[in-house]
Amino acid sequence: NPGVGATNQQYRGVGDFGFPSDETVPVTVFARSGRWARGQVSAVLNGFTHVMVEAERPIFGKAFKSDVRREAAAMRFAGLRVAMAAHGSDLRLPSRHREREEWSPFGDEDWELLPVLERQAQDHRSLLTDLAVPVFVSTPDLVDDWPTATWLPVVVDPAQWQSAHEALRRSPPVVVHAPSNPRIKGTDLIRHDVQRLADQGVIEYRELSGIPAARMPAIYGEADIVLDQFRLGSYGVAAVESMAAGRLVMGHVRDSVRDHVRRASGLDLPIVQATVATLTDVLRDVVARPEHYRAIAAQGPHFAHTLHDGRASAEALAGFLSERNPV
């Protein structure tokens, strides 16, 4: 957006994926340093006009006792425009999700985090109601959880993900699954069937974890097929990166999400529909009809460039950024 400058901040702990940011703060400093917190409050209140708070988490460390409501009140009092950006489990209500998705991870009764996630989502819903600020969501399924939200598409650099080889030119095809969260992605539900196909020589299967972000372009570039997620009914950054690389992406994306994407972009989402129950058959069909699926994979770079190179996201933010000095 012309005339708009921006900076982003993250606090970083042990074992993160090393994504770059303009300002990186060690999590211990963020959580414990009053001096850093006071300096950050001053820098933001005096140096910016707009702030987007991600995942409903505090941005000023110890200042304001880590209370997002108090942080937002201070920023608005100082004349800043405030918005919230939700990304997933911070807003997604488990009780609602398991009612509409057969394979929902929130149906796992042995998952000890379920009560925590339910309470967290409820608390964040109360926070968003109280603040009454613009809400953005990074995946289109979250509009179901907050119907007045604006979809803010995730952004990748398509050029970073370009691959030298076309998908599905090898036999057997290389299938990659690199889950950031195996339970959420459905890794345990698909592993047995996919590995059985690999044992039969139908595919070559590579399941990866803990890979630094900088290595992922090379990993996706070596794949023919990328298995995304099979439990949430949506798609995120990993799927976009894979599409930008021209890989054939497979996963479960519910119809309402596909319809939302089509309305927003005029394009069909080039992710091959597959569920836990149908994945084996779909993979066999890919091997039997590579030309058909190669054409779908070839749509990925155009889709990623059209909807996820930053232009659509800038347009989504334009209204918020044009507003100044709220009362």
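This is a predicted model: local features need pLDDT of at least 70, side-chain atom pairs count only at pLDDT 80 or more; totals for chains, interfaces and linings use all residues.
**Entry 1: arginine 254**

I then located arginine 254 in the loop between E10 and helix H10 (255-265). Leaving out residues up to four places away in sequence, I listed its contacts as His97, Arg100, Glu101, Asp141, Asp144, Leu232 and Gly233.

**Entry 2: helix H12**

I next took up H12, which spans residues 290-298. I found Pro290, Tyr293, Arg294, Ile296 and Ala297 to be its buried residues. These residues lie on the same side of H12, because the arc they cover around the axis is only 160°. On the face turned away from that buried side I noted the exposed residues Glu291 and Ala298. I also checked what the buried residues of H12 pack against: the partners are strands E10 (248-251) and E11 (271-273), together with helices H11 (279-288) and H13 (300-308).

**Entry 3: the whole chain**

I counted 14 helices and 11 strands in the chain. Along the principal axes, I recorded a box of roughly 65 × 45 × 35 Å for the C-alpha atoms. I noted that 49% of the 327 residues count as buried. Of the contacts between residues at least 6 apart in sequence, I found that 68% join residues at least 24 apart.

**Entry 4: surface and charge**

I recorded an accessible surface of about 16,000 Å², with 51% belonging to carbon and sulfur atoms. I placed the mean positions of the 36 positive and 41 negative charges 5 Å apart.

Technical notes:
Residues are numbered from 1 along each chain as its sequence is written. Side-chain values use heavy atoms; hydrogens and water are left out. Buried means under 20% relative accessible area, exposed over 50%, partly exposed in between (1.4 Å probe, protein chains only). Helices (H or I, at least four residues) and strands (E, at least two) are DSSP runs, numbered from the N terminus. The arc is that of the directions from the helix axis to the C-beta atoms. Contact means heavy atoms within 4.5 Å. Accessible areas come from the Shrake-Rupley method with a 1.4 Å probe; for residues, only the protein chains shown count as cover. Lys and Arg count as positive and Asp and Glu as negative; His and the chain ends are not counted. The place of a charge is taken as NZ of Lys, CZ of Arg, CG of Asp or CD of Glu.
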